Amino acid sequence: MKKAYLLLFLLAFVSCSSDNKTAVIVPTIIDDITLTVPKNEFIAGESIVFSAHKKLKTNTVLPQLVIESTFGVIVVNGVITETGVTYTLPNLITRRIGLVDWQLVLNSKILQSGIIKITPNITKNNGLESYFGPRSISAGDIDFSMLVIVPSDVYDNPVIDNTAVDLKYQFENEVTEVALKTKDLIAWNNIPAPHKSGRILVTALCNGIKSKELTSIVFPANATTFKIDYTRDHAYADGNQIIRFRTSIIKDEYGNVISDGTLVSFTAENSNGIQLQAVGLSIGGVAIAKMLHPDEKDTWKVDAYVTGAAKSNTINVSFKTAFSDYPVNISKDNRRIIVGPITSFMDQLAPDGLLVRLTIFDHNHQLIEKKVSTLQNGNATFFLDADFYPSGNYTIEIKTAGIIKTYNLDLNGNTN
Amino acid sequence: MATRINRNIYRGILILSFLVVNGLILFGITSVLSYLNTGADRTSMLHLEVEREDVYLPDVTWDNLNNPGRPLEKQTQGEIERDYLSSWYVKNIAYKTNDYYGIKDYYTDSARVKVYNTIDYNLNHKVNLNTTTLKHNLSLDFYSADGKLAVLEDKNVVSFKEVFKANKIITQERDTSSYKAILLLEDGFWRIRHLKKIENESHQIPKKVSLDFTGIKNAKGLNYYPKDSPWDMFGKKFNEFTIHLDFELIKKMGMNTIRIFVPYEDFGKASIDYIKLDRLKKTLAIAEKNKLKVVITLFDFYGNYDISDWTITNKHATIIVNACKNSNALLAWDIKNEPDLDFESRSSKTVINWLKQMIITVKNEDPYHPITIGWSSPEAATLLVDDLDFISFHYYKKIQNFRDDYKKIVIKSNDKPIMLQEYGLSSYSGLWNFYGGSEDNQAEYYKEIQSVLLENKIPFLAWTLYDFKEVPSSVAGRLPWRKNKQHNFGFITTNGEKKPSYSYFSLNKKGE
């Protein structure tokens with residue numbers, strides 16, 4: 001019997017204890033904690049902990065801390081410690097500068113709210129970004145390169161206003177220093193173009209961090225008035241030799257030689273008012289252009305331009321005729337006309353390629369045809385075919401090197 | 001005999017199966033052919049410009065473009081604005097889904113890490129944000145000489161956010177914050193390099209304008225659609241003369257107010273259909289000529305309410321309100337017709353949030369006209385009573401309960417005027433209501449309720465002037481017992497004959 005009692009007692013005990021274990025403990029919801037934060041202004045990276053000194057059971061349902069910082073909103077859960085509750089902000093909040101709104105929220109109800117401020121953390125591994133442009137400017141008083149410096153702290157946050165930035169730039173032997181202050185997250189300065197062409201090197205220093213070397217190339221300004229001259233092998237209008245025009249060294253208003261590759265256009269106007277053109281690119285300020293000699297006596301008026309910028313003086317170039325007369329041989333039936341042999345100024349055969357024109361008129365002086373041929377071995381040959389030119393009287397006119405010769409031809413039927 | 005029948009059955013089965021098999025083969029071949037014919041549209045070869053869809057159109061103002069760097073070109077200003085707003089848009093989307101998508105287009109290498117950090121953190125903590133910004137006030141601090149760097153200040157950005165943790169809402173808030181941003185031009189995009197949350201600029205709270213409620217307290221009238229174009233008043237059938245005649249008739253009935261509806265999608269959402277807007281203005285002008293006041297109900301047939309849609313609806317409202325606010329005929333703005341019916345499908349919180357912000361938007365554009373919402377039942381009538389200027393409710397229940405229901409509203413009304421904005425009875429009699437309705441019943445209804453309304457000086461707008469031949473399914477659904485009822489709420493039949501109810505409703509007792 002005793003045993004039975006004992007058993008009963010044990011059974012009761014066991015059932016009780018198991019009851020105790022399974023019983024759900026209703027978590028207490030806490031909505032009357034007051035968070036404190038040691039200060040309202042932090043340096044980036046410093047740990048930020050909100051805490052409330054209130055002893056709580058470990059299973060208490062805590063309000064949540066909603067944090068809105070520059071880059072978005074996160075939710076921080078509280079941790080119950082022996083002394084109370086703490087909310088520790090993660091790095092992604094503590095390392096970003098700017099205002100941080102916080103709200104303690106329970107079931108959509110705001111229990112407490114506030115703002116803290118995080119300022120940049122200037123230590124040794126700060127950042128400095130520099131943006132430099134335009135990187136190619138022209139010499140003179142108008143153009144400039146702009147340097148924009150965006151200093152940042154160790155966590156890539158922009159710095160506060162009025163942070164000192166030292167700017168240095170070098171041109172030839174001169175180094176200029178400018179003391180700048182940041183405003184609206186940046187510091188900036190215009191670096192004016194010098195009067196000489198060359199390179200400007202720029203560097204900036206902020207919070208002990210140096211920027212890399214930045215370069216701006218100063219190109220010469222626009223060309224100014226220049227002179228032209230010519231060289232040629234002889235003065236004869238043989239339609240074969242080449243005349244070379246060259247400019248003086250073209251400079252800008254500050255004495256800088258203009259940039260290589262500047263396009264210079266040369267224009268020659270002949271005595272009939274016809275314009276010939278050639279272009280040259282400058283090297284070392286000098287541009288060269290070439291033209292073919294004319295094939296008849298002529299005088300050219302030549303000038304050159306850097307389009308939109310500068311003009312040269314005008315020079316006159318005269319060409320003498322290479323020969324004053326030439327023979328014309330006409331076959332018996334008058335249908336084959338051989339111009340030449342043409343001899344040039346040293347009695348040498350005139351070079352191949354000289355243009356010979358033949359104009360044919362009928363007996364009423366009506367134009368029938370114009371034929372063009374070129375000189376070959378000192379001769380040019382024309383043939384008046386019986387199929388096109390029936391028997392009759394014709395007038396022909398031969399023109400080469402500006403010399404005109406006229407013949408009256410009586411063509412009869414048979415050619416051979 | 002039996003074998004012959006059997007044989008015939010076999011034959012039949014054979015022929016049928018032959019036909020079926022052939023049919024299946026043909027179907028197979030045609031589906032293969034039609035599949036092979038699908039694919040990219042040929043015009044896609046031309047790489048025609050992709051039209052940007054309006055998904056995010058917050059109100060943007062530019063204050064100051066003067067800066068020490070370089071004058072800002074109009075073109076660049078547009079590009080900066082577009083890309084800066086896109087940076088907000090992609091961030092909103094990214095925080096909603098906790099996905100990186102789109103961030104790299106609008107944040108530089110170093111800046112996007114900061115956004116990614118937040119996304120990762122929220123993903124780990126099961127936090128999602130539903131956010132939008134409604135208003136940006138931009139000014140330019142600096143624009144570099146090479147046109148590749150800009151410093152902007154964005155003052156008093158109005159935003160709305162909902163914070164969810166494990167899909168449960170933690171908090172929601174309408175908030176104002178200010179930012180400074182450095183943008184760099186990279187790959188043709190203006191990308192955020194630095195962003196810093198700064199102090200707000202204090203701005204004066206606009207003075208509260210005292211409103212004139214006499215028009216509302218004395219309102220007597222009805223909801224109006226033309227006879228032949230119900231629920232499509234400003235469509236192709238819009239006819240000024242018809243509306244003029246109708247308004248003349250309403251005036252003759254002794255009425256002074258009408259309520260009309262602006263359908264949201266028909267009016268072009270954010271890119272307003274200006275032809276329809278012009279017709280709306282003409283309608284107001286005709287009303288003014290006939291000495292009628294008009295309650296304009298906005299956002300008819302709208303049903304999204306999502307935060308991501310707020311900027312679009314705000315743009316829509318802003319344009320319409322500004323176009324109509326100077327009309328002498330305008331009596332009040334009704335934000336939305338019966339939004340409480342969407343509480344279930346769209347969640348009451350979403351709908352209420354949308355309504356609240358829309359009230360602010362409309363108030364901001366037009367502080368001189370009272371704002372209301374046409375709640376569908378007397379129970380819903382006092383929702384948002386503190387935000388609205390007067391109460392509007394619809395009543396389609398039995399008349400016996402009307403006095404009690406009305407008293408309940410008065411108690412909760414905070415002394416704001418109460419308008420019975422829709423009520424009426426259909427004279428439909430047919431299969432679907434067991435031939436229960438009749439024109440006499442309708443007449444009886446008006447006889448009874450008009451006396452109550454006039455006696456208690458309750459402003460009223462009845463539903464409606466005409467019977468309608470056609471009722472779109474989007475109005476009352478496809479169920480015939482609902483749809484048919486909707487045809488016969490008028491005082492005048494489709495043939496233009498006055499029903500008995502007309503004389504009980506009309507205040508001009510000569511029967512004119």
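B:Asn156 is found in strand β3 of chain B, which covers residues 149-165; here strands (E, at least two residues) and helices (H or I, at least four residues) are DSSP runs, numbered from the N terminus. The structure is a predicted model, in which local features need pLDDT of at least 70, side-chain atom pairs count only at pLDDT 80 or more, and totals for chains, interfaces and linings use all residues. Residues are numbered from 1 along each chain as its sequence is written, chains are lettered from A and ligands numbered from 1 in the order in which they are written, and side-chain values use heavy atoms, with hydrogens and water left out.

B:Asn156 counts as buried, at 10% relative accessibility. The terms work as follows: buried means under 20% relative accessible area, exposed over 50%, and partly exposed in between (1.4 Å probe, protein chains only). In chain A, A:Asn162 also has a positive phi, near 65°, and it too is a residue other than glycine. A:Asn162, however, sits in the loop between β11 (144-152) and β12 (164-171) of chain A. Is A:Asn162 buried or exposed? A:Asn162 is exposed, because its relative accessible area is 57%.

Two cis peptide bonds can be described next. One joins A:Gly133 and A:Pro134, with omega at about -10°, and A:Pro134 belongs to the loop between β9 (127-133) and β10 (136-138) of chain A. Another runs from B:Trp463 to B:Thr464, with omega near 0°. B:Thr464 is placed in the loop between β13 (460-462) and α13 (473-476) of chain B.

B:Ile258 lies in strand β7, residues 257-263 of chain B, and it is buried, with a relative accessible area of 0%. Which residues does B:Ile258 touch, not counting those up to four places away in sequence? Its partners are B:Leu222, B:Tyr224, B:Phe247, B:Ile250, B:Leu292, B:Lys293, B:Val294 and B:Val295, where contact means heavy atoms within 4.5 Å. B:Tyr224 is 34 residues away from B:Ile258 along the chain, yet their C-alpha atoms are separated by 6.1 Å.

On the scale of whole domains, chain B is assigned domain 1 (59-198) and domain 2 (214-505), with bounds that come from an automatic or database domain assignment. The contact between them takes 12 residues from domain 1 of chain B and 10 residues from domain 2 of chain B. The centres of these two domains, taken over C-alpha atoms, are 40 Å apart.

Chain A is divided into domain 1 (41-119), domain 2 (127-219), domain 3 (228-321) and domain 4 (328-411). The centres of domain 2 and domain 4 of chain A, taken over C-alpha atoms, are separated by 76 Å. Chain A contains 2 helices and 33 strands. Along its principal axes, the C-alpha trace of chain A spans about 170 × 65 × 35 Å. The radius of gyration of chain A is 49 Å, while a compact globule of 416 residues would have one near 22 Å; this radius is taken over C-alpha atoms, and the globule rule is 2.2 Å times the number of residues to the power 0.38. Of the 416 residues of chain A, 44% count as buried.
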